[in-house]
Amino acid sequence: MSKAYDVLIVGAGTAGSYAAYLMAKQGLNVALVERKKAEEVFKVTGDAIGKHHIEELIRSGLSIRNDLFMVKYEGAELYSPDLSVKYFVAGEGYGLDIGKWAQWLINAANNNGADIIDKHTVSAPIIEGGFVKGVKANRSDGTQVELRAKVTVDASGATGVVRTKLPSQYRISEPLLPEDASYAYREIIEVDYSIPNPQNIRIYLDNNISPGGYWWFFPKSDRAANVGLGIWGKLVKERGLNPRINYEKYLASSPYVKGRKLLHAGGGIVPTRRPLASMVGPGIVAVGDAAVAVNPIHGGGIGPALLSSALASRAIVEALEKGDVSEAGLWRYNLDYLNAYGIKQAQLDVFRLMLQTLTNDQLNRGLRARILTEDEVLKISISGNLNLSGGRKMLMALRLLKVPDIARKLSLALSYMNEIKRIYINYPRNPNELNNWLVTLVAKYNEYRLKLKLPLMTL
């Protein structure tokens, strides 16, 4: 007879392993299910994380090993397509050794009592009486097993292998559409030159190399880097674009990767959208990429993965204590996530859609005119909005006069960022009000999308 758990977590990446650690530490009976061998878990990412997220991990009781970090970052350099303009946005962070990071988190979960069930590929959720009661999984030898729990956590990455296989009446089953994702490819390489300013990550806007996205150069040391690019999923679908082909075409023989010695290569899908309408269902929650908990502008997901797991764990512990793991019993997670990050995420999604409609010429002219200063870019990235004093508004107005076509789009985005924020502030306090709220949200998004000449959303 299979063992029943309090909590079953699918996926041993950052989000799943951290959730397993937190809840096992609370004394819950936790299982962490992973399709790979535990020692082979390795997530393809940009490998960068903000300093504040590390500080939160320390507060959770984890002991941070120095060998998890390969480099300390001081900020980001942002380049225009023609490279004539460089912005510098300050912000402390670290470049991770992502393989060691993954093993460290899995071991933390295991050392606190979580069962690690590796080499099991989840095939479907178990639904009984309207509740998710666990998952069906296939062992490496092909035999099928049932793994049961009071609460199931989908931490399986952007594919959301549990939640997306639920019937459509479960709002958590909402699919990730290509237009709300970036398709990425990256390599970790050694180069034969000394990388200048390895304390800064580099982000390059160029619609030839990375249409609707950006390409990046994140130093890992003065001789190694994480280099990759992301393409807007909408364009991948419509034009048949491929990020790996673009990498080989534009970057593989560029001076940036001179002497390129490949250490690791991989790709994947990165969610870049507003939060799910609901991150919970009866007996199930989603965290990390499976919950589309990612920054829509730059695709950073490690920090939001940790945050979503912490908030989900708190809601699950409370629900189990009350004996209510219904959608309503887990609803607190939605509210906590929106207050902590989700409202900002929704606002950045509005800004993201505007950016993806700009041409290289518009990006060059807009950055050259410095419509937004470095401080204003930082403010938007931190808070999701831009509230300026009267004097700053006048200065911005003068800058906007230089580029009226871009000014219209920027003004439109800033206006709708505020309107979307107001809608999310009124997110329902219980699941019974969700459908009516969604009608309001979709209508507002479609107003905006019409003005950007983008396809409309549907409920």
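User: Contact means heavy atoms within 4.5 Å. Which residues in helix 12 do Gln362, Arg365 and Gly366 in helix 9 meet?

Analyst: This is a predicted model, in which local features need pLDDT of at least 70, side-chain atom pairs count only at pLDDT 80 or more, and totals for chains, interfaces and linings use all residues. Residues are numbered from 1 along each chain as its sequence is written, and side-chain values use heavy atoms, with hydrogens and water left out. Helices (H or I, at least four residues) and strands (E, at least two) are DSSP runs numbered from the N terminus. On the helix 12 side, the residues that Gln362, Arg365 and Gly366 meet are Asp405, Ile406 and Lys409.

User: How many charged residues does the contact of helix 9 with helix 12 have?

Analyst: Ala, Val, Leu, Ile, Met, Phe, Trp, Tyr, Cys and Pro count as nonpolar, Asp, Glu, Lys and Arg as charged, and the others, Gly among them, as polar. By these classes the contact of helix 9 with helix 12 has one nonpolar residue and two polar ones, and the number of charged residues is three.

User: How are helix 9 and helix 12 oriented to each other, roughly parallel or roughly perpendicular?

Analyst: Axes are lines fitted to C-alpha atoms, for helices over the stretch in contact, and angles run from 0 to 180 degrees between N-to-C directions. Angles under 35 degrees count as roughly parallel, over 145 as roughly antiparallel, 65 to 115 as roughly perpendicular and the rest as oblique. The axes of helix 9 and helix 12 are 10 Å apart, and the packing angle is about 85°. Helix 9 and helix 12 are therefore roughly perpendicular.

User: What covers the buried residues of helix 9?

Analyst: Buried means under 20% relative accessible area, exposed over 50% and partly exposed in between, with a 1.4 Å probe and protein chains only. In helix 9 the buried residues are Asn360, Gln362, Leu363, Asn364, Gly366 and Leu367. Their cover includes strand 4, strand 5 and helix 12.

User: With which residue does arginine 365 form a salt bridge?

Analyst: A salt bridge is a side-chain nitrogen of Lys or Arg within 4 Å of a carboxyl oxygen of Asp or Glu. An α-helix has 3.6 residues a turn, so residues three or four places apart point the same way. The closest N and O atoms are 2.9 Å apart, and the partner is aspartate 361.

User: Arginine 59 and glutamate 56 meet in a salt bridge; what is the N to O distance?

Analyst: Arginine 59 and glutamate 56 are three residues apart in helix 2 (residues 51-59), which puts about one helical turn between them. Arginine 59 is exposed at 58% relative accessibility, while glutamate 56 is partly exposed at 41%. Their side chains meet with an N to O distance of 2.8 Å.

User: How many residues apart in sequence are the parts that glutamate 92 and lysine 72 tie together?

Analyst: Glutamate 92 and lysine 72 form a salt bridge, with the closest N and O atoms 3.4 Å apart. Glutamate 92 lies in strand 5 (residues 86-96) and lysine 72 in strand 4 (residues 69-79), so the sequence separation of the parts they tie together is 20 residues.

User: Is helix 6 roughly parallel or roughly antiparallel to helix 8?

Analyst: The axes of helix 6 (residues 302-322) and helix 8 (residues 332-355) come within 9 Å and cross at roughly 150°. That angle makes the arrangement of helix 6 to helix 8 roughly antiparallel.

User: How many nonpolar residues are in the contact of helix 6 with helix 8?

Analyst: From helix 6, Pro304, Leu307, Ser308, Leu311, Ala312, Arg314, Ala315 and Glu318 meet Arg332, Tyr333, Asp336, Tyr337, Ala340 and Tyr341 in helix 8. One residue of this contact is polar and four are charged, and the number of nonpolar residues is nine.

User: Is lysine 444 buried or exposed?

Analyst: Lysine 444 sits in helix 13 (residues 434-452). Leaving out residues up to four places away in sequence, lysine 444 touches Tyr416, Glu419, Ile420 and Ile423. Its relative accessibility is 17%, which means that lysine 444 is buried.

User: Which residues is valine 191 in contact with, leaving aside neighbours within four places in sequence?

Analyst: Valine 191 is in the loop between strand 10 (181-190) and strand 11 (200-204). With a relative accessible area of 8%, valine 191 is buried. Its contacts are Arg223, Tyr256, Val257, Lys258 and Gly259.
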